[in-house]
Amino acid sequence: MHRGKGMKFVGDSRVPGMEHRKPNIPKDYSEYPGKTEAFWPNFLLKEWMIGAVFLIGYLLLTVAHPSPLEGQADPTDTAYIPLPDWYFLFLYQLLKYEFASGPFNVVGAIIIPGLAFGALALAPFLDRGPERRPSKRPLPTGFMLLAIASIIFLTWESVANHDWEAAEAQGQITEEVEIDTSDPGYEIYAGAACISCHGGNLEGAVGPTLVGTGLSPEEIAEIAVNGIEEGGVQSMPPSWDGTEEDLQVMAEFISGLEAE
């Protein structure tokens, strides 16, 4: 078609108006039957139900197995053996080995955990292939299996080698008792070697508590003079070097201590 002097119309270069463009709106979930669902209320209701089941489970577990509360922390008790939470037990066990403890604490506390967690963090970058199967990704799979095996082994060793009976005894909550420090028996006790192990309030420091022992004055005097031997091992050495009269007064004082 010719227009004007020598002009030839070859096409329409007009830009369509905005009203002709399709709005940038994603497709509705109803356009994918069987593959999607509405977030509200379908998906959210499922999440709430799963959350409620876990919450009730945790509450029942808490009621059935209460938290193992211990006595008030005593920074002067050097005999106390702490135990971290279960998810730190493998690091706790690692610090027991000679190559990672003592003067080499930095090895067990920083270097070895840093290398281990660093290797796990770098595993996806060391193998950037498109394969998703574990058998096709030997490097990340090997790192993960080695990490899981190490954590399980160290956690098991920590639990198996821990003295649970001693831990339970050292953390027992004892009832408070008022000590009459003006009593002659306490004055003798404070001047003897007993106070360094059993504490100024007789509730135990390195040694066990002397409150509510249920022992007679004669039994307490016998222990103070001869100590305690269990299984051929002297668990408490003889500690009394005073007079018989003072020993009797102190034994009667200790025997009469009862928790409130």
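Reader: Which helices do the buried residues of H4 pack against?

Author: First, the basis: this is a predicted model, in which local features need pLDDT of at least 70 and side-chain atom pairs count only at pLDDT 80 or more, while totals for chains, interfaces and linings use all residues. Residues are numbered from 1 along each chain as its sequence is written, and side-chain values use heavy atoms, with hydrogens and water left out. Helices are DSSP runs of H or I with at least four residues, numbered from the N terminus. Buried means under 20% relative accessible area, exposed over 50%, and partly exposed in between (1.4 Å probe, protein chains only). Contact means heavy atoms within 4.5 Å. In this case, the buried residues of H4 pack against helix H2 (89–94) and helix H3 (105–126). The buried residues in H4 are Pro140, Ala147, Leu154 and Ser158.

Reader: What span does H4 reach from its first C-alpha to its last?

Author: The expected span of a helix is 1.5 Å times one less than its number of residues. H4 (residues 138–160) has 23 residues and reaches 32 Å, close to the 33 Å expected.

Reader: Where is Arg137 found, and which residues does Arg137 touch?

Author: Arg137 is in the loop between H3 and H4 and is buried, with a relative accessible area of 15%. Not counting residues up to four places away in sequence, Arg137 touches Pro124, Asp127, Glu131 and Arg132.

Reader: How many aromatic pairs are there?

Author: Rings of Phe, Tyr and Trp (its six-membered ring) pair if their centres lie within 6.5 Å; planes under 30 degrees apart count as stacked, over 60 as edge-to-face and the rest as tilted. By this rule there are six aromatic pairs. The rings of Tyr186 and Phe253 have centres 6.2 Å apart and planes at 75 degrees, so this pair is edge-to-face. Tyr186 lies in helix H6 (residues 184–191) and Phe253 in helix H9 (residues 244–255), so the pair ties together parts 67 residues apart in sequence. Both Tyr186 and Phe253 are buried. Elsewhere, Trp86, Tyr87 and Phe88 form one aromatic cluster.

Reader: Is Ala192 buried or exposed?

Author: Ala192, in the loop between H6 and helix H7 (195–198), counts as buried at 14% relative accessibility. The C-alpha atoms of Ala192 and Met250 are separated by 9.9 Å, although these residues are 58 residues apart along the chain.

Technical notes:
Helix = DSSP H or I, 4+ residues; strand = E, 2+ residues; numbered from the N terminus.
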